[in-house]
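Subject: Handover of a structure and notes on its features

Dear colleague,

Please find below the structure that I am handing over to you. My notes come after it.

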Amino acid sequence: MATFKIEGGHKLSGNITPQGAKNEALQVICAVLLTADKITISNIPNIRDVNKLIYILSELGVKVNKTSDNTYTFQADTLDLNYLESEKFKKEGSSLRGSIMIVGPLLARFGKGYIPRPGGDKIGRRRLDTHFEGFIKLGATFRYNKNEQFYGVEAVKLTGTDMLLDEASVTGTANIVMAAVMAEGVTTIYNAACEPYLQQLCKMLNSMGAKIDGVGSNLLTIKGVEKLTGCTHRILPDMIEIGSLIGMAAMTKSSITIKDVSWKDLGLIPRVFQKLGIKLERKGDDIFIPEQQNYEIQNFIDGSILTISDAPWPGFTPDLLSIVLVVATQAKGSVLIHQKMFESRLFFVDKLIDMGAKVILCDPHRATVIGMNHESSLKATTMTSPDIRAGISLLIAALSANGTSTIHNIEQIDRGYQNIDGRLKAIGAKITRI
Ligand SMILES: CC(=O)N[C@H]1[C@@H](OP(=O)(O)OP(=O)(O)OC[C@H]2O[C@@H](n3ccc(=O)[nH]c3=O)[C@H](O)[C@@H]2O)O[C@H](CO)[C@@H](O)[C@@H]1O
Ligand SMILES: C=C(OP(=O)(O)O)C(=O)O
């Protein structure tokens, strides 16, 4: 278990460029399984989850070549499908959430896909029903070995169909789209998730020869094609990292510029931070955050207390709520944070309360934050990172706190933030990895 020591109270300044998006990378890397041709993907973040997925693909026989810092070529022309039933795969495949998305492409191309129960954050129940119900609707048979927690789908042929997803699952939609692109006939997927990750996946698939309409909406229409070919694809900047950096700047009263953010793909993210009173300026495709001594939370028009809650895209992403919560602890005013999707993502507020934050955890989904308007600083403490976004939130708290804090289990942060200590040190943070 690695640890960060963070000396709080230092301002950040300068430019920082966001990494490529973790959740998009996990989707588009799985899509390379759909063709025997070579695929080039750039802006791949160098983070634990992505590296694990690339390793799993290479074990499966995909030829992987790193051609520059963040560009890889992949060629899935000769695969060893026996690996999917090996003990090694049962262990490796269960170490991250994104691995589930190899099932759809394998089913489409080879008529079978297997996966152990995938890992990822322990942030509440994370079911996979949507994925498998979709595969079954396309004509696959499904089996689940409860003892081994091992899932499998098989099909001689997939046939296009109409489906209404029971929830707009992000990885579920990606998986079903990848299964449907080579099915016979037309598939419609209603209540599809439409996060930028999915829009990017669909654009990439279309450039490989797929016929997907409705990209960006919750109704996708997919005309099955016989074969997909190679392509080149560039991953968008990570909107969750961008939001994390906005929060970090505000909490540390810093002025920073986040470069090349792809504003058009940020949806509500800038607006939600502006509702907390944080000033953001658009400069070309950069976000400039000026130094602010304080920021005041807006109320609703009728004067009632602001609520910030998550929703499937284009709603506000659940992955930024922990960050919004920590930033609110030093705002002027109060806000209710309502995490609707996940049951166990707010428990980390105990640590913030230990540090002196004024937070009431109303129930597992809701927390009221009474901002301290920077009138008293958080106190440094020792903490353990429970999940990726709580981890970065605790890091933000520590950067703003008085004294030196320790965060254990930073592997959780490394899952999704590339060389975060090195990159933050370059703009003035005092962090040591031990
Ligand atoms: C690798 C990856 O891409 N992970 C992301 C993906 O996870 P993942 O794809 O696993 O998450 P899902 O979209 O399937 O659903 C997440 C949770 O929200 C619930 N749910 C989902 C949709 C809905 O309309 N209502 C609802 O309550 C589900 O029951 C589930 O408990 O999407 C999540 C939701 O944006 C993000 O937090 C994760 O970072
Ligand atoms: C919950 C997240 O990741 P995962 O789905 O990989 O656990 C996240 O990125 O915030």
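The notes below go from the whole chain to a sheet, a helix and an annotated residue.

This is a predicted model, in which local features need pLDDT of at least 70 and side-chain atom pairs count only at pLDDT 80 or more, while totals for chains, interfaces and linings use all residues. Residues are numbered from 1 along each chain as its sequence is written, and chains are lettered from A and ligands numbered from 1 in the order in which they are written.

The whole chain

The protein chain holds 14 helices and 23 strands; these are DSSP runs numbered from the N terminus, helices being H or I of at least four residues and strands E of at least two. Its radius of gyration, taken over C-alpha atoms, is 22 Å, close to the 22 Å that the globule rule (2.2 Å times the number of residues to the power 0.38) gives for 434 residues, so the chain is as compact as a globular protein of that length. Of the 434 residues, 49% count as buried, that is, with 20 or more other C-beta atoms, placed from the backbone, within 10 Å of their own.

The four-stranded sheet

One open sheet has the strand order β9-β10-β12-β11, with mixed pairing; two strands pair if DSSP finds at least two bridges between them. β9 (162-164) and β11 (211-213) stand at the edges with a single partner strand each, so one side of each has no neighbour in the sheet. β9 pairs with β10 (residues 186-190) in the parallel sense over three bridges, and Asp162 stands opposite Thr188 in β10. Helix α6 (residues 170-180) lies across β10, β11 and β12 (219-223), and runs at about 170° to β10. Such angles run from 0 to 180 degrees between N-to-C directions, with axes fitted to C-alpha atoms, for helices over the stretch in contact.

Helix α4

Seven of the eight residues of α4 (residues 103-110) are buried, so this helix is largely enclosed by the rest of the structure. Its buried residues pack against α1 (22-31), β6 (112-116), α5 (129-137), β8 (150-154) and α6. After α4 comes Gly111, whose phi is positive, near 80°.

The annotated residue

An unreviewed UniProt entry annotates Asp121 as "active site"; such annotations may be inferred rather than shown by experiment. Asp121 is in the loop between β6 and α5 and is buried, with 21 other C-beta atoms within 10 Å. Leaving aside neighbours within four places in sequence, Asp121 is in contact (C-beta atoms, placed from the backbone, within 7 Å) with Asp387 and Ile388.

Yours sincerely

Technical notes
Contact = placed C-beta atoms within 7 Å. Buried ≥ 20, exposed ≤ 12 C-beta atoms within 10 Å, placed from the backbone.
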